[in-house]
Amino acid sequence: MAHFTVDRFEGDEWAVLEDDQARTSRVPRHLLPPNTREGDVLDGTEHADEAGARVMRFELNAAAREERLTEARRLRDSLPRGPKGDVSM
């Protein structure tokens with residue numbers, strides 16, 4: 001099973017997915033679950049269809065999305081803060 005993050009949508013037709021090695025690929029948006037949003041994590045499972053063609057099936061992984069958001073918040077909160085109040089230059 002492969003994991004992908006939805007990087008962005010390009011129009012109504014395409015989604016750009018990023019894999020665990022930070023490689024991106026464009027896939028037709030209609031192949032994704034209907035409620036997919038930017039930042040969602042998808043689990044991709046590859047299988048063969050009736051004709052033997054390789055097909056990727058995507059499912060939303062809500063728990064992985066929350067883990068990534070929690071980590072991003074933790075990293076943001078660890079950044080140094082600037083001075084508070086008015087700043088003179």
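The mean positions of the 14 positive and 19 negative charges of the chain lie 6 Å apart. Lys and Arg are counted as positive, Asp and Glu as negative, and His and the chain ends are left out. Each charge is placed at NZ of Lys, CZ of Arg, CG of Asp or CD of Glu. The model is a predicted one, in which local features need pLDDT of at least 70 and side-chain atom pairs count only at pLDDT 80 or more, while totals for chains, interfaces and linings use all residues. Residues are numbered from 1 along each chain as its sequence is written, and side-chain values use heavy atoms, without hydrogens or water.

The chain holds one helix and five strands. Their order from the N terminus is β-β-β-β-β-α. Helices (H or I, at least four residues) and strands (E, at least two) are DSSP runs, numbered from the N terminus.

Along the principal axes, the C-alpha atoms fill a box of roughly 70 × 25 × 25 Å. The accessible surface of the chain is about 7000 Å², and carbon and sulfur atoms account for 50% of that surface. Areas were computed by the Shrake-Rupley method with a 1.4 Å probe; for residues, only the protein chains shown count as cover.

Of the 89 residues, 24% count as buried. Buried means under 20% relative accessible area, exposed means over 50%, and partly exposed lies in between (1.4 Å probe, protein chains only). Among contacts with a separation of 6 or more, 38% join residues 24 or more positions apart. A contact requires heavy atoms within 4.5 Å.

In soluble globular proteins, nonpolar side chains tend to be buried together. Here the largest nonpolar core has nine residues: Phe4, Val6, Phe9, Ala15, Leu17, Val27, Leu32, Leu42 and Phe58. The elements giving two or more residues to this core are β1 (2-10) and β2 (14-19). Strand β1 provides the largest share, three residues. A nonpolar core is a set of buried Ala, Val, Leu, Ile, Met, Phe, Trp, Tyr and Cys residues joined through side-chain atoms within 4.5 Å. Beyond its neighbours within four places in sequence, Val27 contacts Glu13, Trp14, Ala15, Leu17 and Leu32.

Val16 lies in strand β2. It counts as buried because its relative accessibility is 2%. Residues up to four places away aside, Val16 touches Thr5, Val6, Asp7, Arg8, Glu10, Thr24, Ser25 and Arg26. Its C-alpha atom is 14 Å from that of Pro33, 17 residues apart along the chain. Ala22 sits in the loop between β2 and β3 (24-28). Although not a glycine, Ala22 has a positive phi of about 65°.

Glu46 belongs to strand β4 (residues 41-48). Its relative accessible area is 42%, so Glu46 is partly exposed. Not counting residues up to four places away in sequence, Glu46 touches Arg54, Val55 and Met56. Glu46 and Pro28 are 18 residues apart in sequence and 16 Å apart in space, C-alpha to C-alpha.

Glu66 is part of helix α1 (residues 62-78). Glu66 counts as partly exposed because its relative accessibility is 43%.
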